[in-house]
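Thanks for making time for this. I will talk through one model, and you can follow along on the screen.

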Amino acid sequence: MTKTVKILGLILFATLMVLAMSVPRSIEGQSTASAQPAEAPTTALDARKDDLFNGFGAKGSPIDECVSAPVANRSFEDNKFIFNELESLEDGLGPVYNDAGCGSCHQAPIIGGISQSKELRAGFATFNGFVNPPGGSLIHLRAIAATIQERLDDIAPNYKSTLRTTLNTIGDGYVEAIAGGTIGNIRNNQPFGFKGTIINVPVAEAGGKLRVARFGWKNQHASLVSFSGDAYLNEMGITNRFDGNNGQMENTSMGASVEEYDAVPDPEDDGDDVQAFANFMRATRAPGRGPITPAVLRGEDLFHKAACSICHTPSITTAPAGTVINAGEFTVPAALGNKVIHPFSDFMLHDIGSGDGIVQNGGEATRNMVRTPPLWGVRTRVEMMHDGLELNFADAIQRHAGFGGTFSRNFFNNLSNFQKADLIAFLKSL
Ligand code: HEC
Ligand code: HEC
């Protein structure tokens, strides 16, 4: 390279830097200089404490339905009540469904958290891979009439099935507020063999425009409105304008129409409830840590040495307040912007040999991939991994294979019993 080329290059670089810095902060993906980030507030994950609200919107007062009905999107307390509400036949529950309220499955240790409820997914194993049964891979475990109960007998004998454990939603507003570019930067810094896969998925409220995925075991969603619209339809059977079909299509019973069981006109929700669910989750604090003992600190050091932290990323800063995210549909509020969170996830897909072969929004290549689950709040999870089959941390670690997973697993297996206990003490503090 000649000197002139080098100098020209430098000038170009300097000009680009100046241009980059003068861009007003606006769209996600553009890195912008901003004030020193602050730690996100945390909840103790203790039902006896009223510490869930993070300051996004008004807190309001607890709803007493005997006094007055909740109003969607008026306050945190209204939205929390609506998240916890049970749907009935008059609301359009079912005809096939899994449970009657978001709060029925997202409940422990406090509302928004987890539960032992699991979803059933199934399909056919063929030579070409996994094929969905009629009506999709989600098999609804309840119905409003015995005649339309979905059963795997109907696709026997060559089906394959798997369970999916409930994921925590507490703190998810911060996860939504992570710029897509930030996830890209995490990936760039991951060494060979540990690099995650980023997928872009449709944002229902933005007419299907794409955004970097981050929610669900298969990273099937990028926004909380999209996830809520999907859950309202697929868990509860409530058609709504954010359900991916614009509220026009009920689920089927193994492919057969159940329209005659449903007298409520579609969409069964105009979208207000869906937004209330999303705004409830956006207004929750990040899951807080348990007691930090010397063993926990020693275990944290081992967590880094075992390269767990490469996928289970300890700290991420959310996009600055004012950044437009969700393909143009949401502006990061002050309560969620420029906050440091400790999710212990890179929010990317990996194949660590544990996948169930089911393709969701990510396409064929993601068949056996699973999103790194955030480990914040993992001390509340008894049944671990996507299928809930591992009942203790040591066994969950044994399920890690592939290049990166094998490195971590072997590192763990070669530790002394004292060191293993320290690493597990650390996991139990998350
Ligand atoms: C039958 C139990 C059940 C019900 C009812 C339910 N969920 Fe879930 N939820 C789950 C399970 C299981 C998962 C993980 C599913 C997956 O990723 O495959 C999940 C995942 C989620 C996630 C992703 C969390 C993350 O950080 O990745 C969100 C958000 C969510 N649910 C919101 C809701 C909302 C809103 C409702 C009510 C409309 C609802 N859920 C109703 C069981 C349930
Ligand atoms: C290559 C990326 C990667 C590395 C390295 C890694 N993990 Fe994971 N981890 C994952 C993925 C992906 C899953 C989800 C797999 C599934 O559910 O099938 C997971 C799941 C888990 C779970 C279950 C969490 C839950 O909520 O169910 C625990 C616990 C866990 N990992 C701990 C560790 C520890 C400890 C280490 C280091 C010894 C480690 N992981 C290293 C990617 C990784």
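I will go from the nonpolar cores to a helix, then to some loops and backbone details. Keep in mind throughout that this is a predicted model.

The largest nonpolar core has 46 residues, and the members that touch the most other members are L52, F83, I178, F280 and I341. Which elements give two or more residues to this core? They are α2, at 76-84, α4, at 172-176, α5, at 180-189, α6, at 224-234, and α7, at 272-282. The largest share comes from α7, with 6 residues.

As a general remark, nonpolar side chains in soluble globular proteins tend to be buried together.

Setting aside residues up to four places away in sequence, I178 touches E28, I183, R211, R214, I316, T318, A319, I341 and F347. I341, in that list, is itself among the core members that touch the most others.

Next, helix α6. Is α6 largely enclosed or largely open? Because 9 of its 11 residues are buried, α6 is largely enclosed by the rest of the structure. The buried ones are L224, V225, S226, S228, G229, A231, Y232, L233 and N234. What do they pack against? The partners are β6, at 138-139, α4, β9, at 200-203, and α7.

Now the loop between α4 and α5, which is where A177 sits. A177 is buried, since its relative accessible area is 1%. Apart from neighbours within four places in sequence, its contacts are T318, A319, I325, V332 and L336. The C-alpha atoms of A177 and V324 are 9.4 Å apart, while along the chain the two residues are separated by 147 residues.

V332 is in the loop between β14, at 330-331, and β15, at 339-341. Is V332 buried or exposed? At a relative accessible area of 3%, V332 is buried. Again leaving out neighbours within four places, V332 is in contact with A177, A319, P320, A321, G322, T323, I325 and G337. For V332 and R379, 47 residues apart along the chain, the C-alpha separation is 29 Å.

On to the backbone. Two peptide bonds to proline come up here. The bond from A108 to P109 is cis, with omega near -5°, and P109 lies in the loop between α3, at 102-105, and β4, at 118-126. The bond from D266 to P267 is cis too, with omega near -10°. P267 is in the loop between α6 and α7.

Then there are positive phi angles. N326 is not a glycine, yet its phi is positive, about 55°. N326 is in the loop between β13, at 324-325, and β14, and it counts as buried because its relative accessibility is 0%. Where is M385? It is in the loop between β17, at 370-371, and α10, at 393-398. M385 counts as buried, with 12% relative accessibility against a cut-off of under 20%.

How many disulfides does a search of the whole structure find? It finds 0. C102 is buried, with a relative accessible area of 13%, and C105 also counts as buried, at 17%.

Last, the surface. L89, I144 and Y261 form a nonpolar patch there, with about 240 Å² of accessible area together. Y261 is in the loop between α6 and α7.

Notes
Residues are numbered from 1 along each chain as its sequence is written. Chains are lettered from A and ligands numbered from 1 in the order in which they are written. This is a predicted model: local features need pLDDT of at least 70, side-chain atom pairs count only at pLDDT 80 or more; totals for chains, interfaces and linings use all residues. Side-chain values use heavy atoms; hydrogens and water are left out. A nonpolar core is a set of buried Ala, Val, Leu, Ile, Met, Phe, Trp, Tyr and Cys residues joined through side-chain atoms within 4.5 Å. Buried means under 20% relative accessible area, exposed over 50%, partly exposed in between (1.4 Å probe, protein chains only). Helices (H or I, at least four residues) and strands (E, at least two) are DSSP runs, numbered from the N terminus. Contact means heavy atoms within 4.5 Å. Patches are made of residues with over 30% relative accessible area and no salt bridge: like charges are joined within 9 Å, nonpolar side chains (Val, Leu, Ile, Met, Phe, Trp, Tyr) within 5 Å. Accessible areas come from the Shrake-Rupley method with a 1.4 Å probe; for residues, only the protein chains shown count as cover. A salt bridge is a side-chain nitrogen of Lys or Arg within 4 Å of a carboxyl oxygen of Asp or Glu. A disulfide is a pair of cysteine sulfur atoms within 2.5 Å.
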